[in-house]
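Hi everyone, thanks for coming along.

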Amino acid sequence: MPSNKKLSFGPASKMPEVPKGEYAELTFSNEGDLMWEHKEDGEYGMKFFIPIVLLSHPSVESLPSSGSAMHWVSKADAASQLYMVVTESVDAPNLKKEIFEKEWKLTRSITGSYRLDQA
């Protein structure tokens, strides 16, 4: 049976860390080649790989107007909570609509913690 998946090599793009006191704007993606994953990182614990379309970021000067697809890789509570909601709510179309069809603001506090809010 032929597969529609294309070969690719090398890591997927990762969003740069948001500087303390700043924010990035993004949407979450459940389409395309990027997968929702989690991996154990022996030194830092569980890291979550969350597919996004990055719309704006204080450390990225030029983004296409349609944004750029990449992973948000994080061990932050916000990433963990979002990952659990998305991967465990298979039969919750209204919740998924709220997550995937909205723009989000990812704010990093001056202490380094992350918070996600609908934009």
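Of the 119 residues of this protein, 29% count as buried; buried means under 20% relative accessible area, exposed means over 50%, and partly exposed is in between, using a 1.4 Å probe and protein chains only. Please keep in mind that this is a predicted model, where local features need pLDDT of at least 70 and side-chain atom pairs count only at pLDDT 80 or more, while totals for chains, interfaces and linings use all residues. Residues are numbered from 1 along each chain as its sequence is written, and side-chain values use heavy atoms, with hydrogens and water left out.

Now the overall size. A compact globule of 119 residues would have a radius of gyration near 14 Å, and the 15 Å of this protein agrees with that; the radius is taken over C-alpha atoms, and the globule rule is 2.2 Å times the number of residues to the power 0.38. Along the principal axes, the C-alpha atoms fill a box of roughly 50 × 35 × 35 Å.

What is the pattern along the sequence? It reads β-β-β-β-α-α-β-β, with two helices and six strands. These are DSSP runs numbered from the N terminus: helices are H or I with at least four residues, strands are E with at least two.

Let's turn to the helices. The axes of α1 (residues 77–88) and α2 (residues 93–100) come within 10 Å and cross at roughly 135°. Axes here are lines fitted to C-alpha atoms, for helices over the stretch in contact, and angles run from 0 to 180 degrees between N-to-C directions. The two helices are therefore oblique to each other: under 35 degrees counts as roughly parallel, over 145 as roughly antiparallel, 65 to 115 as roughly perpendicular, and the rest as oblique. On the α1 side, the contact is made by Leu82, Val85 and Val86, and on the α2 side by Leu95, Lys96, Ile99 and Phe100. Contact means heavy atoms within 4.5 Å.

Finally, two single residues. Leucine 63 lies in the loop between β3 (45–56) and β4 (68–74), and is partly exposed, with a relative accessible area of 24%. Is glutamate 17 buried or exposed? At 55% relative accessibility, glutamate 17 counts as exposed. Glutamate 17 sits in the segment before β1 (23–28), and, leaving aside neighbours within four places in sequence, is in contact with His57, Ser59, Arg108 and Tyr114.
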